[in-house]
Amino acid sequence: VTGASFVVFNGALKTSSGFLGKSSIVEDGLMVQITRETMESLRQALRDKKDFKITCGKMDAGDVKEYVDICWVENEEKTNKG
C-alpha cells in the first residue's frame, strides 16, 4: 500500500512494450503508465463511479503482478480540507 499526494495516469504505454502497465513513485506521487485501451476503460469507470483495478508488470511474468486499485468509498471521513 502506497500513499500519494497525487496520481498521474499516462495512457501512452504501447502494447509492444511487453508490459500490462507500469507504476512508479514520482516525487511524492504515483505515475501509472497504461495502454490507450486501459485508459478508455478507466475513464468510463470514473464516469460511472465504479471501482477499477489496473494490473501492472510484464505480460509474461506469471503470478508476480502489481495492482493499482481505484476504489470509491462511502465515507469520506476527514479528508484533506486544506
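# Briefing on a predicted one-helix, five-strand chain

The chain holds 1 helix and 5 strands, where helices (H or I, at least four residues) and strands (E, at least two) are DSSP runs numbered from the N terminus. Along the sequence these elements follow the pattern β-β-β-α-β-β. This is a predicted model, in which local features need pLDDT of at least 70 and side-chain atom pairs count only at pLDDT 80 or more, while totals for chains, interfaces and linings use all residues. Residues are numbered from 1 along each chain as its sequence is written, and side-chain values use heavy atoms, with hydrogens and water left out.

**Strand pairing**

- Strand S2 (residues 19-26) and strand S4 (residues 52-58) run antiparallel and are joined by 2 bridges, two strands being counted as paired if DSSP finds at least two bridges between them.
- Within this pairing, Phe 19 stands opposite Lys 58 in S4.
- S4 is also joined to strand S5 (residues 66-70), again antiparallel, by 5 bridges, and here Phe 52 stands opposite Ile 70 in S5.

**Burial, contacts and surface**

- Of the 82 residues of the chain, 21% count as buried, which is to say under 20% relative accessible area, with exposed meaning over 50% and partly exposed in between (1.4 Å probe, protein chains only).
- Among contacts (heavy atoms within 4.5 Å) between residues at least 6 apart in sequence, 39% join residues at least 24 apart.
- The accessible surface of the chain comes to about 6400 Å², of which 49% belongs to carbon and sulfur atoms; such areas come from the Shrake-Rupley method with a 1.4 Å probe, and for residues only the protein chains shown count as cover.

**The largest nonpolar core**

- The largest nonpolar core has 11 residues in all, among them Leu 30, Met 39, Phe 52, Ile 54 and Val 68; a core of this kind is a set of buried Ala, Val, Leu, Ile, Met, Phe, Trp, Tyr and Cys residues joined through side-chain atoms within 4.5 Å.
- Strand S3 (29-34), helix H1 (36-47), S4 and S5 each supply at least two residues of this core.
- Leaving aside neighbours within four places in sequence, Ile 54 is in contact with Phe 9, Val 32, Ile 34, Leu 42, Glu 66, Tyr 67, Val 68 and Ile 70.
- In soluble globular proteins, nonpolar side chains tend to be buried together.

**A nonpolar patch on the surface**

- Phe 6, Val 8 and Val 26 form a nonpolar patch on the surface, with about 190 Å² of accessible area together; patches are made of residues with over 30% relative accessible area and no salt bridge, like charges being joined within 9 Å and nonpolar side chains (Val, Leu, Ile, Met, Phe, Trp, Tyr) within 5 Å.
- Val 8 lies in strand S1 (residues 7-10) and is partly exposed, with a relative accessible area of 35%.

**The salt bridge**

- A search of the whole structure finds 1 salt bridge, defined as a side-chain nitrogen of Lys or Arg within 4 Å of a carboxyl oxygen of Asp or Glu.
- The side chains of Arg 36 and Glu 40 meet in a salt bridge (3.8 Å, N to O), and because these residues are 4 apart in helix H1, about one helical turn separates them.
- Arg 36 counts as exposed at 57% relative accessibility, whereas Glu 40 counts as partly exposed at 46%.

**Loop residues with positive phi**

- Glu 27, in the loop between S2 and S3, has a positive phi of about 50 degrees although it is not a glycine, and at 75% relative accessibility Glu 27 counts as exposed.
- Lys 49, in the loop between H1 and S4, has a positive phi of about 55 degrees and is likewise not a glycine; Lys 49 is exposed, with a relative accessible area of 59%.
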